[in-house]
Amino acid sequence: MSPRAYVKRAIPRLTVDCSGLPDRGPGISRHAVSDWLSRFEGRRLAMLERDRSARARALIELPRATLSAYMTDRPQSHLFALLRSAAAVRDLVDRIVVIADARVVQAVQMLIDCCCDPFFNELTRGERGSRPRFSALVDPSDIEQVNGLLRLVTRRPWGHDVDDHWGVVVLRDTREPEAAGMDALIERVTGSLQQHAGPDRWKKRWMLVADEDDRWCQWAKRHACQEVFTPQGAWCDPRTLPAFYSSGLMLASGLLGIDVVKLLGDADMIPESGVG
């Protein structure tokens, strides 16, 4: 899995030239502009501090709430549903094709890099502990990559051997500008799975994490797909720890066989005073 780098464009810095203004006096003066800029900077710093505190709270509260719900009422908890589905699909396929924007795929790749063998995809199924290989599609315009991956997963007829079986995981963050452009990619990959696996088998191997009002969430419900989840916790930048407690990343962790409960328990032990 080699997602393209997710790069945010730098916002140009604004400058104010007050050299032509009088020092003081009625109307706009250098003193008035300086006072306004000082108050503006104070508000900016206060906003940044509130944002930092919110991210710190998310780091503490999301894993704690998720773990608490799982321990209190396990069968009804969001985490239990994710892990149960991940375990079921893990046993049915030898490769998972992840469709997501580059930012989310980067976070999945970080999980693999931290928790799996460096050559995880090249190992046999037994050497991988029966965990599926992971491949990602992040760029709908990269036709060669899409064609190559679909040729790889459909090169042999769908038989009884799980080594010939594959599945799809769609992780949708509709706030991302790339989300609308991914529709054609999802349609094509889903169509290939439907054709290769057959009219009934594909539904057990197709998973989605998306908002309730997302078009693919409605589509999945019309087709009676079982493995559909709405996000718990905001999608996050993969450089921040809360990303790893979002529904999409916990689902990926479950497919990889990572002990998500232990991961949440370790996060719950982080002292609030140490978050910042």
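Trainee: Where does Arg128 lie?
Mentor: Keep in mind that this is a predicted model. Helix 3 covers 102–115 and strand 2 covers 133–137. Arg128 falls between these two elements, in the loop.

Trainee: Is Arg128 buried or exposed?
Mentor: The cut-off for buried is under 20% relative accessible area. Arg128 has a relative accessible area of 2%, so the residue is buried.

Trainee: Which residues does Arg128 touch, not counting residues up to four places away in sequence?
Mentor: Contact here means heavy atoms within 4.5 Å. With residues up to four places away in sequence left out, the partners of Arg128 are Asp94, Phe120, Leu123 and Arg133.

Trainee: Phe134 lies in strand 2. Is Phe134 buried or exposed?
Mentor: Phe134 has 2% relative accessibility. The limit is under 20%, so Phe134 counts as buried.

Trainee: What distance separates the C-alpha atoms of Phe134 and Phe120?
Mentor: Along the chain, Phe134 and Phe120 are 14 residues apart.

Trainee: How many disulfides does the count come to?
Mentor: A disulfide needs two cysteine sulfur atoms within 2.5 Å. For Cys115 the closest cysteine sulfur is in Cys114, at 5.8 Å, which is too far for a bond. Cys116 is in no disulfide either, with the sulfur of Cys115 as its nearest at 6.2 Å. The count comes to zero.

Trainee: How are helix 2 and helix 7 oriented to each other?
Mentor: Helix 2 spans residues 78–90 and helix 7 spans residues 247–255. Their axes come within 8 Å and cross at roughly 40°. Angles under 35 degrees count as roughly parallel, and 65 to 115 as roughly perpendicular. Helix 2 and helix 7 are therefore oblique.

Trainee: Which residues of helix 7 make the contact with helix 2?
Mentor: On the helix 2 side, the contact is made by His78, Leu79, Leu82, Leu83, Ala86, Val89 and Arg90. By class, the contact of helix 2 with helix 7 has eight nonpolar, three polar and one charged residues. The helix 7 side consists of Ser247, Met250, Leu251, Gly254 and Leu255.

Trainee: How is helix 5 oriented to helix 6?
Mentor: The axes of helix 5 (residues 183–197) and helix 6 (residues 215–222) come within 12 Å and cross at roughly 20°. Angles under 35 degrees count as roughly parallel. That makes helix 5, relative to helix 6, roughly parallel.

Trainee: How many charged residues are in the contact of helix 5 with helix 6?
Mentor: Helix 5 contributes Asp183, Ile186, Glu187, Thr190 and Gln194, and helix 6 contributes Arg215, Trp216 and Trp219. By class, this contact has three nonpolar and two polar residues, and the number of charged residues is three.

Trainee: Now for the whole chain. In what order do the elements run?
Mentor: The chain has eight helices and five strands. From the N terminus on, the order is α-α-β-α-β-α-β-α-β-α-β-α-α.

Methods:
Residues are numbered from 1 along each chain as its sequence is written. This is a predicted model: local features need pLDDT of at least 70, side-chain atom pairs count only at pLDDT 80 or more; totals for chains, interfaces and linings use all residues. Side-chain values use heavy atoms; hydrogens and water are left out. Axes are lines fitted to C-alpha atoms, for helices over the stretch in contact, and angles run from 0 to 180 degrees between N-to-C directions. Helices (H or I, at least four residues) and strands (E, at least two) are DSSP runs, numbered from the N terminus. Angles under 35 degrees count as roughly parallel, over 145 as roughly antiparallel, 65 to 115 as roughly perpendicular and the rest as oblique. Ala, Val, Leu, Ile, Met, Phe, Trp, Tyr, Cys and Pro count as nonpolar, Asp, Glu, Lys and Arg as charged, and the others, Gly among them, as polar. Buried means under 20% relative accessible area, exposed over 50%, partly exposed in between (1.4 Å probe, protein chains only).
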